[in-house]
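Hi everyone, thanks for coming.

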Amino acid sequence: MAQSNFDRRRINGPEESFQPTFEDDDDRETRWKPGNPRIGRGARDIRPIFLTAGLINQANGSAYIETEKTKIACAVYGPRQSKSTTYNEKGRLNVEVKFSPFSCTRRRVPIRDAEDRSVAVQIQQALVPAVRLELLPKSTIDIFITIIENDGIEGCIAAGSVAASAALADAGIEMLGLVASCSAAVVGKEIWLDPTEEEGKASSGTLILAGMPALGTITSVWQSGSMTPADGIKCMEACQERYTDIHAVIAQSLLDNAQNNT
Amino acid sequence: MSSDIVLPGQPIPIPRGPIPQVGSGVYSRDGTVRASLIGVPSYAGSTLEIKRTRPRPPAPNSVVLGSVTRLSPLQAVVSINVVDGVPLPAGEEFTGVIRVQDVRATEKDKVKIADCFRGGDVVRGLVLSLGDARSYYVTTARNDLGVIFATSEAGATMEPVSWQEMRCPKTGKIEKRKCAKPEGM
């Protein structure tokens, strides 16, 4: 059975792979225990962001984002003519996400998983309201996102949306505003912004908020796990406060890039 | 200079007086004029716009350059390479169609596609409409529109001798084309 969907085109790793476990891994004092404050940073702090636009020169526009252990590259191609046979008054925004095989603690099998598609849907939803697709009839914009390293899927989605919006602006595609995105997790009674993978596992529920701070509008809210409505609203407020800072980071990197090009 | 560059979503300060018309790269929402592209806003007459240097898809009234890829008695199919003077990246061409009634403005009923275009000719055209799902409708019904570059059967670059004819400098043979008026004449 395993032979039938054996992938002959790629170098195949072992069927199962596990992280090496270290003896002192479990009884480390640095491990977070319920009731303790967050380790490493404040509850409402996000990881530092490094963002540059225009890294991939054969793409129409591109961006690279790094927030500690999350590393994402994004390329935008188009607008190009739609391949579909139906006439479309509005343009189409196509988002494709790929995890590198080594991006997570467990090896990612290139084709067989579905998580990349759900991440793509969420990023697409965050971006669509911002792009002026009505100006691009019969055209398609392709966004390719490669997750080089993943530290928390929520952070990946948020950083992916940020990178994609920077890449779209770099590609000279008309947008209503820049999209910024931030994630939050409810851990115990606290709200932690931009959770890592560890912290995501320790949390009861997570929320990802995307919007255009320049216009004061929200483009997408994505909540998973359990969360009281009051916590949900608190998370959204915290995210909204923080993504204004993220917006400033995007704006600065795009300005630097624009000045280097002139 | 840094303060002059605006980013998508950023409001553009407007001097007192009448609100300018919004051009490309600019939009107006809730009474505020905002940028939708990265660039320096400038006035062209009374329109405020941000010029885009990146390639864009063809729109009605844009002047395009393309090469003829397929001919039929009813239409010529062109692969559009340049839109409003901005070349498109390789592999991202748009397809356009010149229908027999759009070749020239006069004697439309006497037009024969085979006497106007040949495969490989470079044509300057004007986009009429978005056309159908597959292609844009392009017209050459103007003096400055038509074939601007063509090679003869012998392989030499031909020169236009009249509105409907081109001559091969190698063999002296005349071939029929719908020629564009050369620039600067």
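Let's start with the second largest cavity: its lining has seven nonpolar residues, four polar ones and no charged ones at all. Before I go on, please keep in mind that this is a predicted model. The volume of that second largest cavity is about 60 Å³. Who's in the lining? Among others, you'll find Gln122(A), Ile157(A), Leu209(A) and Trp222(A). If you'd rather think in helices and strands, α1 (115-127), α2, β8 (205-212) and β9 (217-225) of chain A each give two or more residues to this lining.

Okay, on to the largest cavity, at about 110 Å³. It has 14 lining residues, and the ones nearest its centre are Ile49(A), Ala158(A), Ser181(A), Asp194(A) and Ile246(A). Which element gives the most to the lining of the largest cavity? That's α2(A), with four residues. By class, this lining has eight nonpolar, four polar and two charged residues.

Now let's move to where the chains meet. Chain A brings 33 residues to the contact and chain B brings 29. How much area do the two chains bury between them? About 2,600 Å², with 55% of it on carbon and sulfur atoms. On the chain A side, Gln81(A), Lys138(A) and Glu174(A) lose the most area to chain B, and together they make up 21% of what that side buries.

What about specific pairs? There are 13 residue pairs in polar contact across this interface. The rule also finds one salt bridge between chain A and chain B. You can look for it on the screen: the side chains of Arg80(A) and Glu92(B) meet there, at 3.3 Å from N to O. As for elements, β3 (70-81), α2 (153-170) and α4 (229-261) of chain A each supply at least two residues of the side that touches chain B. That side of chain A splits into 17 nonpolar, 10 polar and six charged residues.

Thanks, and I'm happy to take questions!

Technical notes
Residues numbered from 1 in each chain as written. Chains lettered and ligands numbered in written order. Predicted model: local features only at pLDDT ≥ 70, side-chain atom pairs only at ≥ 80, totals over all residues. Heavy atoms only, no water. Contact = heavy atoms within 4.5 Å. Buried area = accessible area lost by both parts, 1.4 Å probe. Salt bridge = Lys/Arg side-chain N within 4 Å of Asp/Glu carboxyl O. Polar contact = N/O pair within 3.5 Å; in protein donor to acceptor, adjacent residues only side chain to side chain. Nonpolar A, V, L, I, M, F, W, Y, C, P; charged D, E, K, R; others polar. 1 Å grid on protein atoms, 1.4 Å probe; cavity = no way out; pocket = protein on both sides within 12 Å on 5 of 7 lines; lining within 4 Å. Points joined across faces, edges and corners; volume = space filled by probe spheres on them.
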